[in-house]
Amino acid sequence: MALVEIRDVYKSFQREEQRIDVFTGLTLDIDAGSFTALMGPSGSGKSTLLNLIAGLDKPTRGTVTVGGAAVSSMSAGQLAAWRARNIGFVFQSFNLLPVLTAYQNVELPLLLTNLSKKDRDERVKIALDVVGLGDRASHYPRQLSGGQEQRTAIARAIVADPTVMLLDEPTGQLDGKSSQEVLTLLQRLNTEFNKTIVIVTHDAHAAERAKTTLHLEKGDLIEKPRVMAGAVR
Amino acid sequence: MKYMRLVLANLGRHKVRTILTIASVALALFLFASLRSVTTTLAATAQFGGARRLVTLNATGLVFPLPISYANRIKGLPGVTAVSWANWFGGRYGDGKTFFANFAVDPESYLAIYPEIVLPADQKQAFIQDRTGALIGKRLIGRYGWKLGQNVTLQGTIFPGDWTFTIRGVYTPTDPAIGDDVLIFHHDYFDERIGRAGIAGWYIVEIDDAAKAAVIAKSIDDVFRNSSSPTKTGTEREFQASFATMWGNVSFLMSTIGLAVVFAILLVTANAMMMSARERTGEIAVLKTVGFSDKLLFGLVMIEAGVMALTGAALGLGFAKILYPSINFNGAGFLPGFKVATSTLVVGALIAVGLMLASGLVPAVRAARLPIVQALRKVE
Amino acid sequence: MIPIVYNVRSVAQRPLSTALTALGVGMVVAVFIGMLALANGFRAALARTGSETNAIVLRKGADSELSSGLGRDVASIIGSDPHVATGGDGRPLVSPEVYVLIPLAKSFDTTQIANVVVRGVSEQAWQVRHNVKIAAGQRPTSGRAEVCIGSRLTQRFPHTTVGQTLRFGGRDWNVVCNFTAAGSAFESEIWGENEQFMPVFRGEVFQSITFRLKDPGAFDEAQRSLQADKRMTVDVHRESTFYAQQSQLLGNILSFLAIVITGIMAVGAVFGAINTMYAAIASRAPEIGVLLTLGFKPGSVLLSFLAESAIIAAIGGVLGCLFALPLNGIVTSTTNWSSFSEVAFSFRVTPALLLAGLIFAVVMGVLGGLLPAVRAARLQVVQALR
């Protein structure tokens with residue numbers, strides 16, 4: 001069984017008077033331990049797909065299952081709790097709370113658990129070390145470079161040891177060098193720590209680092225290595 | 001509270017705004033406590049009054065005197081253990097711009113009937129023995145810089161002329177409603193100078209059993225009912241209470257202003273909260289993505305409002321509680337024993353809680369209901 | 001100068017925030033106007049009581065009518081004094097009066113006792129005090145136990161309208177008329193014949209003698225001559241001055257309270273205005289950047305935001321005036337501690353007071369907007385446009 005199972009998913013949005021159909025019967029599997037890049041033009045539904053996997057949004061029809069959990073049918077309250085333990089999400093920008101230090105930002109998901117201060121402390125330190133920012137723990141976001149901010153966000157995304165990591169255009173705002181830092185880190189997380197990673201990206205370099213690349217166009221997958229039958233129309 | 005760090009960090013985002021808001025709440029609650037204390041203090045003065053003391057006035061009105069011969073007749077009634085009397089003098093001191101009460105009393109019986117008037121035994125003796133002596137409350141010492149043994153001259157208003165007394169004693173009242181800014185002198189001297197012996201402004205009657213107050217009061221009034229100066233007797237508390245009602249609608253006025261004040265700060269706090277909330281939609285979306293539930297975010301916003309409201313309340317109420325006793329405020333004599341009562345603190349705290357709920361509610365609900373996806377779209 | 005329409009539109013764009021701030025300012029202005037209207041009303045009631053053309057005589061040293069005592073001999077001395085005006089009937093316009101206080105229980109709550117003025121008058125009183133008019137009934141007939149009661153007492157005390165019987169001083173008195181006195185303190189009094197009151201209260205003694213000055217401009221001379229007269233020991237006051245002075249103590253207390261209370265509230269309102277303006281400026285930093293780029297000077301930016309703050313506060317001021325206006329004319333009463341008597345008066349909201357309230361509001365707005373406006377003016381273009 002795949003880690004993420006998307007089955008015959010339909011998703012529409014109402015924008016002003018128009019109804020926009022993003023997905024019309026999408027079916028897709030993502031295996032545990034995979035590193036998948038999702039590419040495609042804007043409006044193709046990449047971010048929407050990420051949101052569906054994370055339980056931030058619900059499909060109009062169809063099911064989304066992550067690690068056995070029926071994400072598409074859980075309530076908002078259940079989803080919040082589930083997300084805290086199972087999902088690590090990184091945005092393109094504006095990840096960190098400016099009023100908290102790097103350490104405090106990374107600690108956020110752990111506040112939702114029952115861990116003691118001591119345990120939380122340990123995990124935050126480990127997460128920051130993994131991303132190479134152990135010495136920046138007490139810095140505020142405004143004191144960090146763009147690349148460092150994103151790495152802090154990644155630290156936050158892994159600190160609770162989630163089932164899957166979802167990143168929406170993580171290198172979109174970064175320069176070449178910082179992008180490389182971030183992508184190298186992601187690769188490491190996948191190969192060394194066996195994290196399942198899905199990134200949405202425009203960047204071909206980023207896609208190269210991934211093990212699998214999926215292309216979405218108008219809500220349909222094209223070029224589908226390791227995908228189950230029935231998706232294309 | 002592991003989330004406190006987050007709450008405090010949010011409050012620290014705009015330190016100026018947070019400080020100003022807390023200061024507004026503090027000011028408003030200080031004002032509220034002060035105003036309410038006027039009402040509670042007036043009510044408290046109506047509580048003063050020895051349960052075993054009655055006051056006998058001329059039934060026609062408090063400005064009319066009673067014959068001194070009544071003293072013995074009252075003393076002879078069953079249940080009466082002691083009688084004393086006093087006359088309002090109303091003298092002016094200096095330029096008359098500051099005012100203090102002054103009256104003529106029968107020294108030994110008056111001091112006996114009011115054990116709340118406390119002074120050293122030697123001063124008491126000196127006062128009793130000097131016919132032109134005066135006994136003053138300790139506040140007057142501070143106000144005018146008088147000293148023991150000094151001569152003080154009052155201008156008579158009702159009883160004309162210059163009246164000079166020698167200060168023989170300074171008293172400290174054990175009950176604030178007695179007033180620590182009063183001057184009393186000898187009735188004998190008063191009688192002698194006005195040349196018209198034998199009048200008392202009012203009588204103070206001590207009885208043996210507080211439960212019999214109404215009965216004894218009636219018996220006194222019965223004795224004089226058909227004479228040329230009928231009396232009206234009541235407990236000392238009733239007498240004090242009637243003074244409090246002379247303020248008319250003051251209580252009502254104070255409550256209304258108090259309400260206006262509370263409402264005004266509510267507006268200020270609510271405004272500040274809403275401004276903060278509006279700026280944070282992106283962050284709230286991120287927190288929800290990380291897994292903070294709607295309920296949790298609702299709570300965090302409410303706690304934020306609560307921290308501001310309760311800190312402000314503590315500062316404002318606390319300051320009021322400490323200020324007035326430390327400056328010995330008594331509203332120029334009209335509000336003796338002015339202080340912030342416990343009930344006022346309780347009401348103030350409740351107001352703070354109400355403030356927290358009212359100002360935090362809308363932003364908290366908004367945060368809880370924030371649709372993550374839409375908010376994120378704006379963010380990206 | 002940045003056009004004011006920019007500020008007006010910006011204010012309209014954040015209606016909730018503006019409304020809350022304005023309302024806060026409005027409350028302060030309303031309390032300000034309300035309390036000063038109370039003090040005003042009290043002072044006015046007393047001021048109207050006394051006339052510039054009359055003089056009142058009390059025993060020397062007495063600070064109120066209550067403390068004074070004058071014999072019949074003094075009344076006749078004054079009656080024949082050349083400074084006293086004569087009425088149409090050739091008689092001197094002199095009114096010797098008895099003045100005492102009696103306790104009366106209020107209608108709505110009989111445990112509340114007020115000390116009400118009972119004034120003994122002669123026929124001349126109705127002429128000497130020229131703003132007194134009979135509103136119902138007939139003047140008391142000489143020799144009878146009859147009283148005439150001021151209109152402000154009729155609503156608040158029982159047994160005070162024409163035809164009823166009021167009991168005080170151990171006797172029953174028939175109420176034969178009610179009178180008005182142009183809103184002055186007399187309307188809170190009970191009037192009756194001197195000769196009826198004297199035996200009941202203080203015997204053959206008056207408390208005051210009021211007379212009409214033949215020449216109001218010659219008051220000082222009249223005062224000197226009467227006070228120097230060795231046959232009597234009196235103080236002479238111009239009636240208007242006397243009553244104004246009687247209102248001083250309580251009037252000052254009320255004014256003092258008004259200023260302290262609204263002062264404290266105003267600080268709170270200013271804090272609110274500061275918050276609002278800081279937030280507005282923070283969210284409009286890019287706009288400010290544009291304005292500066294276009295060539296507007298920082299000074300103009302400063303004035304512009306100051307004006308915006310003033311506009312919001314002015315709206316609040318108008319609201320405050322609207323809240324306070326209904327108070328005008330509401331009757332209330334209290335004890336005038338100077339004379340120990342109960343006085344009824346009404347709130348008096350004057351145009352001057354409303355104007356003062358508006359100015360007060362604008363001042364609060366300017367104070368609140370100052371620091372934020374300075375910050376706006378100091379913004380560097382680069383910062384603002386980031």
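Reader: Is Ala182(C) buried, exposed or partly exposed, and how many other C-beta atoms lie within 10 Å?

Author: In this predicted model, one reads exposure by counting neighbours: 20 or more other C-beta atoms within 10 Å make a residue buried, and 12 or fewer make it exposed. Ala182(C) has 13 such atoms within 10 Å and is therefore partly exposed. The residue belongs to the loop between β7 (171-180) and β8 (189-193) of chain C. Its phi is positive, near 55°, although Ala182(C) is a residue other than glycine.

Reader: Let us turn to strands. In which sense do β3 and β12 of chain B pair, parallel or antiparallel?

Author: One looks at the bridges between two strands and at the direction in which the strands run. Strand β3 (residues 80-88) of chain B pairs with β12 (residues 202-207) of chain B in the antiparallel sense, over six bridges. Within this pairing, Ser84(B) is opposite Ile204(B) of β12(B).

Reader: Which strand is joined to β3(B) by three bridges?

Author: It is β5 (residues 101-105) of chain B, and β3(B) and β5(B) run antiparallel. Here Asn87(B) has Ala104(B), in β5(B), as its bridge partner.

Reader: How are contacts between chains read, and which pair of chains has the most?

Author: One asks which chains touch, and then which residues take part. Two pairs of chains touch, and chains B and C have the most contacts among them. Chain A and chain C are joined by no contact; their closest C-alpha atoms are 14 Å apart.

Reader: How many residues of chain A are in contact with chain B, and which elements of chain A give two or more of them?

Author: On chain A, 23 residues are in contact with 21 residues of chain B. The elements of chain A that give two or more residues to this side are α2 (76-86) and α3 (102-111). The largest share, six residues, comes from α2(A). By class, the side of chain A that touches chain B holds 15 nonpolar, six polar and two charged residues.

Methods:
Residues are numbered from 1 along each chain as its sequence is written. Chains are lettered from A and ligands numbered from 1 in the order in which they are written. This is a predicted model: local features need pLDDT of at least 70, side-chain atom pairs count only at pLDDT 80 or more; totals for chains, interfaces and linings use all residues. Two residues are in contact if their C-beta atoms, placed from the backbone, lie within 7 Å. Helices (H or I, at least four residues) and strands (E, at least two) are DSSP runs, numbered from the N terminus. Ala, Val, Leu, Ile, Met, Phe, Trp, Tyr, Cys and Pro count as nonpolar, Asp, Glu, Lys and Arg as charged, and the others, Gly among them, as polar. Two strands pair if DSSP finds at least two bridges between them.
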